[in-house]
Amino acid sequence: MRRRALLLGVLLLVANPTSGTAQATPCREGMRPLLPRDASWGDLYDGFRQGICGERARRAFSAAVIYTLDEKWEGITQLNQLAAADSTFLGFVLAQFRDSADARRLKHITHDAAAHCPKADKALCARIVDVARPTTDSS
């Protein structure tokens, strides 16, 4: 709980990247986004719902999404549950994955999606593979 409060407090987010709507709390000058390496999909979703303020925060959030897909594959079911409740979050996650992951991470994530996908998450895994396909096919 404390980690989640710290995550949300330090992110200081203003604009939701998918809707363009402003939040009530403006960004504070000099604040850096803080996303712990062990952030869960729930932590990332909470931050997403608050909006992402500034380029540094977007880069940090993108890195956390890619890290979580790549290094914490066992959390894919939690991502699927959040995506079922909020498709804009899934769209954002897939865009971060497609636009920011390097070739090694793309291959590792798509391998996990194809070979280690829980039965209940097959549709999500198929989307992950489809999103990565244009990038991984050309390498």
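Ring pairs tie Trp 41, Tyr 45, Phe 48, Phe 61, Phe 89 and Phe 92 into a cluster; rings of Phe, Tyr and Trp (its six-membered ring) pair if their centres lie within 6.5 Å, with planes under 30 degrees apart called stacked, over 60 edge-to-face and the rest tilted. This is a predicted model, where local features need pLDDT of at least 70, side-chain atom pairs count only at pLDDT 80 or more, and totals for chains, interfaces and linings use all residues. Residues are numbered from 1 along each chain as its sequence is written, and side-chain values use heavy atoms, leaving out hydrogens and water.

Searching the whole structure turns up six aromatic pairs. Take Trp 41 and Phe 89: their ring centres sit 6.4 Å apart with planes at 75°, so this pair is edge-to-face. It links distant parts of the chain, with Trp 41 in helix α2 (residues 41–50) and Phe 89 in helix α5, 48 residues apart. Helices here are DSSP runs (H or I, at least four residues), numbered from the N terminus. Trp 41 is buried at 2% relative accessibility, and Phe 89 is buried at 0%; buried means under 20% relative accessible area, exposed over 50%, partly exposed in between (1.4 Å probe, protein chains only).

Phe 61 and Phe 92 make a tilted pair, 5.3 Å centre to centre with 55° between the planes. Phe 61 belongs to helix α3 (residues 54–71) and Phe 92 to helix α5, 31 residues apart.

Now for Asp 99, also found in helix α5 (residues 87–100). At 54% relative accessibility, Asp 99 counts as exposed.

Note on methods:
Helices (H or I, at least four residues) and strands (E, at least two) are DSSP runs, numbered from the N terminus.
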